[in-house]
Every structure is written in C-alpha cells, then in structure tokens.
Amino acid sequence: MNGGRRRTCVIGLDGVPHGLILQLTGSGVMPRLAELIESRPSGSLRKIRASLPEISSVSWSSFMTGVDPGTHGIFGFTDIDVDTYELRFPSFRDLQVDTLWDRLGARGLTSVVLNQPATYPARSIPGAIVSGFVAIDLAKSIKPLTHLAPLRRMGYRIDIDTGRCRTDHDLLFEQLDESLRTRREALIHLSESVDWDFLQIVVTGTDRLYHYLWDSLVDPSHPRHEQALDYHRAVDALIGEILDRLNCRERTWLLSDHGFCAIRQEVQLNHWLQENGYLEFDSEPQLGLETISGRSRAFALDPGRIYIHRRGRFARGSVAPGEAKSLMFELQNRLRELRYDGAAAIREVYDASAIYAGPRVPKGPDLVVLAEPGFDLKASPRATRTFDRTDLVGMHTYDDAFLLSPQPIDGDLWIGELAGLLERECERDHERNESDDQNEPKAS
C-alpha cells in the first residue's frame, strides 16, 4: 500500500480529556495508545484548549479551517433569525472559509475524511468525505456518491440514537459497538479505494458515553464500569489497526475537541436573565425565543452565548448602540459573581470581540460565558430555575482536551492552530515524496 510514501493520519476521539488518556493508558485499558505515547518524545502528549464555546460544532469547525468563529461563522449548534427569533441549525454550507482538505487539494493532495462532525450535508473535497454529527441522511453525508452503496451494504451507522440511548443504556452499548464496527469497515473501504495523502477519522461514541455515563468510567463500583472500559478497549484496538494497516505510524496525530467532567449543576442562563430583569416574554415561550418582548435587553443561546437585544440588529431590539457596552460590562460583572452553595459557577465572561477575529464577529454573540468545571451552561427559555439537573451526568470542559503529536509543540495550543501545523507537515511530506520519486533509480 503505497510503499514508503509519507502520509499523515489524524484520529479524533471526541470529548476525551487529557486526564482520562493518562488514566486509561496507565492502567492497561488502552495498550496500543500507551505504546504509541511511549514511543514518542517527552512532551508529545499534552493538553490543548478547545474553542469557545467548548462544543464540537465550534471546535471541529476551528480545527478544519484554522480560524475562529469570527471568520468561519459557526458560533454554536444553533443560531437565531434576527427577524422571527426562530432557531436555525447551521450546516456545512454555512462555513465561510475553505477547509484544511480544500487547501491540501489545491497543493495536489488527496484527503479521506470519515465521521467529521459539523460537515453535513457533505460538500465535495479533493478526495472523499463522510459527514458526522449532526448528519441525518446518509445519501447527503457522502461525497463522492460512489461510496454510498458500499457503506449502505455494510450497514454504516452515522451516530447512535441519542434520544433512546440517553435512558436505555443496554441499547447505548449495542449501538456504540455497532457504530464503531461500521466506522472500521468504512475506514478500510475508503483507505483502500482512495489514493490518499491525508486521512482523518473521528470517533464520536466517546462523547455520547460520557454525557450519559461519565460516572461509569471514574467509579469502579458503577455497574457499567467494565462495559465502559470495554468500549475504550475496542477504540484502542481500532487505533492499533490504523497504525498497523495504514503505514503512517510516525505521522499519526490524535486529539480531542474538548475535555469532559462530571456535572454538579446545570446553569440556565435565560432563567437567570429573566430573574434579574434582562429578559421578558410577551407570552409563554414554547421551544424557542419567538415571543421575546421588545422590553428585553439580553437573551442567551446554548451553551453560553449572550446576545444584547440591540436596536437595529433584532426586529424587536430595544438596546441603543450607545448603551450596549455598559450593559455588557454589567452582565459580565454580575455573572462572574454567580454562586451555587458558595462555589463559583462562572470562570469568565468574555467580550466576544476580544476572543474572536474576522468579518463574522458582528453576527455572533456579544458575550461568551465559560463555566467552572461541574457547571453545565444551558439556555432553555422555559426553565423555571437557574440551577437545575437533568439525567445527563457529563459535561464539556475547555482546557483539558488532548493532543498526541509526532513531535512536541511549544507553547499554549488552541485546537484551531492544528490545521496550519498539519498543512505544513503534509506539504513537507509531499515535497519529500516527489524528491524520492525523482531520485528513484530508473529501470534499465
């Protein structure tokens, strides 16, 4: 398979925190990953920062483009219509810039991308792509469509049934195993049918497992503990097979898009805004913000985005341009003081213009709230209390994502910086491959 040709592989483990990698490799649950870490120079395994907010749609969009939401335009899983206040769901069509794979293609390099979140509906890249979460229709998840029939034959599963698996944990493990099996089969098919230079696969079952059963990993007495470990053993086996099969062991990168921890309390920002006089509704809200009152001065979207209800931006906006900055400052200070049983719930409240850069900044939130670990930010307009709990047990964290690179990388690292690093590595490998081809002895 391509002899000594240099190629790059990326394995994404959605939501896997750096601390859990250390635990699972140190305890023997993931021996192939432990072996790879041991073979790398010290410092090759490290923590990295997710995007803000720390969710998959934003972090993976930053990874695949190398820029933040102010340029790529994806600020969350949802956006709001400024006229109707209805929620909409941004798709791959809303991504405003080229991806890493587009830029590699412009250099003559071919990519295989499997189960990449935030790429639905799939759009053509130089190579092949299969969309990941949130993907609905398999036929709209694959480019080119020549790969649709083989994936259908293998019963390819895009994702688990999150609605049912949230409470039916027998079904959860069944579907986690099934999705991992079909992910492996799709990987074999694509890697053997496409002459690739760059290959990326993302495992999203880890994120699903942690949301529903994070405690099963950290508590050995949990009745699902061994099942949770077995799933990670299967992920480790897939990592080992990729290293053995694809001939790119020395150029394989592993990463996560955010970390994870246990939920102590969920924090309902829209209820907090209502309770403190910033948000009003003209009638009982249903699922969204359609009945927001013109008297409202601010509202929130999941997970921690706060929008000033500006006159001129929103149809019923009431905040004059000259008042917006002082209101933002007031909200920042008050939210930083939010406590639960004496514990700080909020780590920081960022002015979005200070953390984002690019032409899309005015389309995004005014403030981005980062919670302390254990306080999971939500924005239901129907919430009846600021602090609440549901059946979810795990939440995302900002600065405990992990990266395992071929060589150590200096400095504080954000996930969006990886695109440039990977581009440069692929370009160097391409130049070396071409040089090897030119210097190869010709048959007489």
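## A helix pair and a sheet

Start with α8 and α9: α8 passes α9 in a left-handed crossing (left-handed if the near helix is turned anticlockwise from the far one by less than a right angle, right-handed if clockwise). This is a predicted model, where local features need pLDDT of at least 70, side-chain atom pairs count only at pLDDT 80 or more, and totals for chains, interfaces and linings use all residues. Residues are numbered from 1 along each chain as its sequence is written, and side-chain values use heavy atoms, leaving out hydrogens and water.

Select 169-193 for α8 and 205-218 for α9: their axes come within 11 Å and cross at roughly 165 degrees. That makes α8 roughly antiparallel to α9 (an angle over 145 degrees, on a scale from 0 to 180 between N-to-C directions of lines fitted to C-alpha atoms). Helices are DSSP runs of H or I with at least four residues, strands runs of E with at least two.

Now show side chains. H169, L172, F173 and L176 in α8 meet G205, R208, L209, Y212 and L213 in α9 (contact means heavy atoms within 4.5 Å).

Next, hop over to the open sheet, where 4 strands line up as β12-β13-β17-β16 with antiparallel pairing (two strands pair if DSSP finds at least two bridges between them). Its edge strands are β12 (298-301) and β16 (346-351), each pairing on one side only.

Zoom in on β13 (305-308) and β17 (367-371), joined by 2 bridges. Here R305 stands opposite V368 in β17. Finally, select α12 (321-336), which packs on the sheet and touches β12, β13, β16 and β17.

Methods:
Parallel < 35°, antiparallel > 145°, perpendicular 65-115°, else oblique.
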